[in-house]
Amino acid sequence: MRGPDDQTSGMFSYLSPEQRVRPDHPLRAIRTMTDRVFAELSPRFTKMCSDIGRPSIPPEQLLRALLLQSLYTVRSERLLMEEIDDSVLYRWFVGLSMDAPIWSPTTFSKNRDRLLESDIAGALFDAVRRQADEAGLLSDEHFTVDGTLLDAWASLKSFRRKDAGPTPPPDPGNPDGEFPR
């Protein structure tokens with residue numbers, strides 16, 4: 001039997017964003033780690049913020065939003081604000097309720113700049129790295145390199161594929177094919 005295609009103009013829900021995110025989602029583990037770090041950094045956050053004036057974006061929420069931008073390669077802060085506004089998962093991760101207004105991209109950028117000037121991002125990275133090291137998640141046996149960076153840094157004449165044909169002819173301006181020094 002075909003169900004009805006009823007369109008509703010309003011919605012009441014008794015589910016929280018916490019209940020909407022599946023228990024095994026990878027962001028849950030990341031959120032747990034960052035929450036522990038934010039508890040450590042809370043006194044620094046308090047010192048950074050003024051006791052007067054308008055409330056700023058909470059540093060914890062701002063850093064979680066920046067983490068989302070990095071993890072999901074969101075190309076701009078304007079798009080990040082749209083994605084957070086639309087996604088229950090992103091709202092949950094950042095710490096926003098379903099009906100909390102999203103920040104304007106300009107306000108977000110100004111708060112981000114102020115936060116990054118204080119080197120909190122470095123402290124966050126160091127604390128997360130320390131947690132990963134304590135959990136035995138780090139290894140010095142290998143390293144990872146982004147292949148796109150190799151392509152960008154390498155000269156076309158300084159490398160060739162192993163399965164490729166003959167070497168291209170030398171460049172008349174650079175007959176030995178080496179990088180200029």
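Guide: Gln-69 lies in helix H3 (helices are DSSP runs of H or I, at least four residues, and strands runs of E, at least two, numbered from the N terminus). This is a predicted model, in which local features need pLDDT of at least 70 and side-chain atom pairs count only at pLDDT 80 or more, while totals for chains, interfaces and linings use all residues. Residues are numbered from 1 along each chain as its sequence is written, and side-chain values use heavy atoms, with hydrogens and water left out.

With a relative accessibility of 16%, Gln-69 counts as buried (under 20% relative accessible area; exposed is over 50% and partly exposed in between, with a 1.4 Å probe and protein chains only). Setting aside neighbours within four places in sequence, Gln-69 is in contact with Val-74, Arg-75, Ser-76, Glu-77 and Leu-80 (heavy atoms within 4.5 Å). Two of these partners, Glu-77 and Leu-80, belong to H4 and take part in the contact of that helix with H3.

The axes of H3 and H4 are 11 Å apart and meet at an angle of about 105 degrees (lines fitted to C-alpha atoms, for helices over the stretch in contact, with angles from 0 to 180 degrees between N-to-C directions). H3 is therefore roughly perpendicular to H4 (65 to 115 degrees; under 35 is roughly parallel, over 145 roughly antiparallel, the rest oblique). H3 contributes Ala-65, Leu-68 and Gln-69 to this contact, and H4 contributes Glu-77, Leu-80 and Ile-84. By class, these are four nonpolar residues, one polar and one charged (Ala, Val, Leu, Ile, Met, Phe, Trp, Tyr, Cys and Pro are nonpolar, Asp, Glu, Lys and Arg charged, the others, Gly among them, polar).

H3 also packs against H6, at an angle of about 100 degrees and with the axes 11 Å apart. That makes H3 roughly perpendicular to H6 as well. On the H3 side the contact is made by Pro-59, Leu-62, Leu-63, Ala-65 and Leu-66, and on the H6 side by Phe-108, Asn-111, Arg-112 and Leu-115. Seven of these residues are nonpolar, one is polar and one is charged.

Next comes the loop between H3 and H4, where Thr-73 lies. Thr-73 has a phi near 45 degrees, a positive value in a residue other than glycine. Most residues other than glycine have a negative phi. Thr-73 counts as exposed, at 67% relative accessibility.

Tyr-72 is in this loop too, between H3 (59–71) and H4 (77–86). Its relative accessible area is 36%, so Tyr-72 is partly exposed. The structure holds four aromatic pairs (rings of Phe, Tyr and Trp, its six-membered ring, with centres within 6.5 Å; planes under 30 degrees apart are stacked, over 60 edge-to-face, the rest tilted). In one of these, the ring centres of Tyr-72 and Tyr-90 are 5.3 Å apart and the planes are at 50 degrees, so the pair is tilted. Because Tyr-90 lies in helix H5 (residues 88–94), the pair ties together parts that are 18 residues apart in sequence. Tyr-90 itself is buried, at 9% relative accessibility.

Beyond H5, Ser-104 is placed in the loop between H5 and H6 (105–117). Ser-104 is partly exposed, with a relative accessible area of 34%. From C-alpha to C-alpha, Ser-104 and Glu-82 are 9.7 Å apart in space, and in sequence they are 22 residues apart.

Gln-19 lies in H1 (residues 17–20) and is exposed, at 52% relative accessibility. The charged end of Arg-31 sits over the ring of Trp-92, 5.5 Å from its centre (CZ of Arg, or NZ of Lys, within 6 Å of the ring centre and within 35 degrees of the ring normal).

As for the chain as a whole, there are eight helices and zero strands. Of its 181 residues, 27% count as buried. Among contacts between residues at least 6 apart in sequence, 65% join residues at least 24 apart.
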